[in-house]
Amino acid sequence: MPRTDSRPYHHIEALLQFIGLVFLGLWVIWADPFGLSTASEKALATDISRSRAYVSPVDPAPITVVSIDYPSIEALHEADAAYLEADDWPLSYRDHARILSRLVSAGDPDDAPVAVFYDIFFERPRAASGDMAALGRVLARISDPPGSGERRPAVYLAGGGVQMPLSAESFDLLGGRGSMLATAAWQDHGDYYPLWAPLRPDDDASPLPATGPSAALALYRHLCPAQGKDCDWLEDGGAMSLQWVMRDDPACSDRWTHLPGYVIKTVLRYAGAGDPPGAADPHCMPFHQVRLQDLFAMPAGGLRPPHLPKGAPYVVLVGAVMPSLNDYHDTPLYEKVAGVYLHAMAVENLNRMDSDFLREQNIRGVSSVLWVLIALFVCLRRHRARRRTAPASAGPAAPPEPTFRDIAGRRLRALGSRAGWVLLMIVLITLIYLFCYSVLDIALEGWLFMIGLVSLLLFSKDEPTDRPDP
Amino acid sequence: MRARIAQALFGASIALLGGIAAAETVRITQINNPDLVELKRLPDGEYLWASDLEGLKPPVRAQRAPRNRLQFKHHGKTYEVDRGDVTLDREQALVVDACSTVPVSLKSDSRQASVKGAGEACRK
């Protein structure tokens with residue numbers, strides 16, 4: 001016959017514990033105290049992302065990135081042909097027009113890209129850089145070429161964003177076409193890459209469109225149909241959790257030489273020894289990387305990624321790559337990379353995964369329900385254990401005083417049991433995270449903290465220990 | 001007195017050399033991307049696309065003008081074009097520096113508290 005707890009306040013105590021735990025969990029989920037959830041999830045996502053990059057290298061993407069670097073500017077300025085007026089950054093508007101002309105004039109139309117993103121933000125007219133209207137005229141000419149039947153790449157400019165909108169003067173001088181702007185600055189998305197974002201504040205009376213596609217979406221809207229894919233999903237919006245990947249090349253991602261070393265380093269790091277694994281070589285990014293001076297020296301068609309057959313569509317991104325411009329972004333695989341590569345990797349993700357790209361999804365509601373269930377399970381288990389043990393302590397024939405050996409043995413067993421539970425939870429939650437990340441294409445939020453909370457529950461004082469209460 | 005004469009002679013030689021350089025004649029063998037190259041008509045300053053100029057077929061004789069521009073005549077009118085938009089006869093090929101590398105990535109723990117050309121520091 002089972003023993004029952006005759007003390008009614010145990011029910012109230014259990015109920016209060018349950019309510020307290022639920023509130024504790026909801027606070028952690030919704031308030032993210034001290035940024036613990038955010039920090040831990042970012043750390044796990046970084047390691048998963050790095051591991052995936054080594055385990056699953058990718059094919060080269062139909063993407064060319066042209067870097068405007070200082071040595072190129074210097075070389076082109078000093079060249080006999082004086083390709084650039086400026087001998088340093090920023091370039092003159094005529095220099096930009098000349099670069100754009102080179103980009104869209106591939107000779108054979110089959111060699112031309114389908115779209116170009118020029119990742120330079122012409123925030124407001126700059127007198128020292130010449131006449132911005134000259135650049136605007138060239139952009140209009142590219143958009144509306146003379147004659148009929150000639151196809152020119154669509155050109156997009158960095159259109160700024162809500163915190164740094166393009167000035168109305170620049171917009172006007174550059175042609176006043178909202179369709180040529182791609183959002184290049186955003187907020188309220190954390191580390192995610194939004195497909196659409198505002199181009200200006202809501203209350204701004206500027207002639208700019210209210211929202212614009214991100215650079216990656218703007219380019220992929222041309223690349224996708226040119227590849228003959230189904231592209232209806234492109235207008236759905238959302239935000240991407242970028243996967244930083246590397247080219248399938250033995251020099252970059254040979255899993256038998258790189259992966260074991262990486263895993264050992266990671267384990268050592270979590271054990272408190274060893275440095276973080278080094279960054280991957282940026283040349284391992286799956287893009288055709290070209291310097292500005294190459295653009296002026298290469299034969300027609302040189303922009304096409306070498307692996308692509310003639311006629312296959314590709315896109316081009318152009319950006320200034322200079323540390324002194326401060327446009328570098330943290331990545332899990334390549335440390336900090338120049339901003340134009342962030343856009344390029346977003347295009348790569350869209351091109352490789354289409355609508356299956358890793359999405360930002362707020363699942364705090366699901367996390368909350370799950371936490372309530374876990375708290376209920378643990379409290380019920382604890383309460384039942386008390387009901388079993390409480391009468392024994394209240395009985396007249398109390399067992400003899402246990403020896404130190406007995407107490408130590410019980411404590412060790414209890415500790416082992418709890419540690420096992422914690423390990424199980426860590427493995428379970430990590431597996432859930434991996435499953436959502438890899439199969440469901442969802443980057444979870446507010447999950448890793450559960451390892452900590454469940455540990456708290458399992459190690460709390462009232463956990464049953466098979467020992468009568470004192 | 002001698003010093004003044006020497007200075008005057010030196011100045012005159014510089015001016016003469018400058019004049020010779022300004023009047024240096026070159027031969028344009030190609031207009032790169034004529035659809036997208038603007039010519040400035042002188043003296044009214046109107047901009048025209050090179051491809052819209054009827055009968056313009058290089059080679060064309062031109063003279064160097066200030067600010068790295070070239071002036072040439074076509075059907076009795078003078079036009080100006082950027083040096084970088086054309087190819088000249090006996091032009092030296094662009095030498096590409098294959099050694100320097102592009103700083104595509106920086107170390108994660110690198111920090112920067114100023115921006116090029118901003119003239120002021122900003123703390124991150």
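In this predicted model, strand β1 of chain B, spanning residues 25-31, pairs in the antiparallel sense with strand β4 of chain B, residues 60-65, over 4 bridges. Within this pairing, B:R27 has B:R61 of β4(B) as its bridge partner. Strand β1(B) also pairs with strand β7 of chain B, residues 86-88; this pairing is likewise antiparallel and runs over 3 bridges. Here B:I28 stands opposite B:L88 of β7(B).

The interface brings 44 residues of chain A into contact with 28 residues of chain B. On the side of chain A that touches chain B, at least two residues each come from the helices α3 (70-78), α4 (93-104), α5 (132-143) and α10 (292-297), and from the strands β13 (328-330) and β14 (336-338). Among these elements, α5(A) gives the most, with 5 residues. Sorted by class, the side of chain A that touches chain B holds 26 nonpolar residues, 12 charged residues and 6 polar residues.

One of the contributing elements, β14(A), also takes part in strand pairing across the two chains. Strand β14(A) pairs with strand β8 of chain B, residues 105-106, in the antiparallel sense over 2 bridges. In this pairing A:V337 stands opposite B:S105 of β8(B).

Methods
Residues numbered from 1 in each chain as written. Chains lettered and ligands numbered in written order. Predicted model: local features only at pLDDT ≥ 70, side-chain atom pairs only at ≥ 80, totals over all residues. Pairing = 2+ DSSP bridges. Contact = placed C-beta atoms within 7 Å. Nonpolar A, V, L, I, M, F, W, Y, C, P; charged D, E, K, R; others polar.
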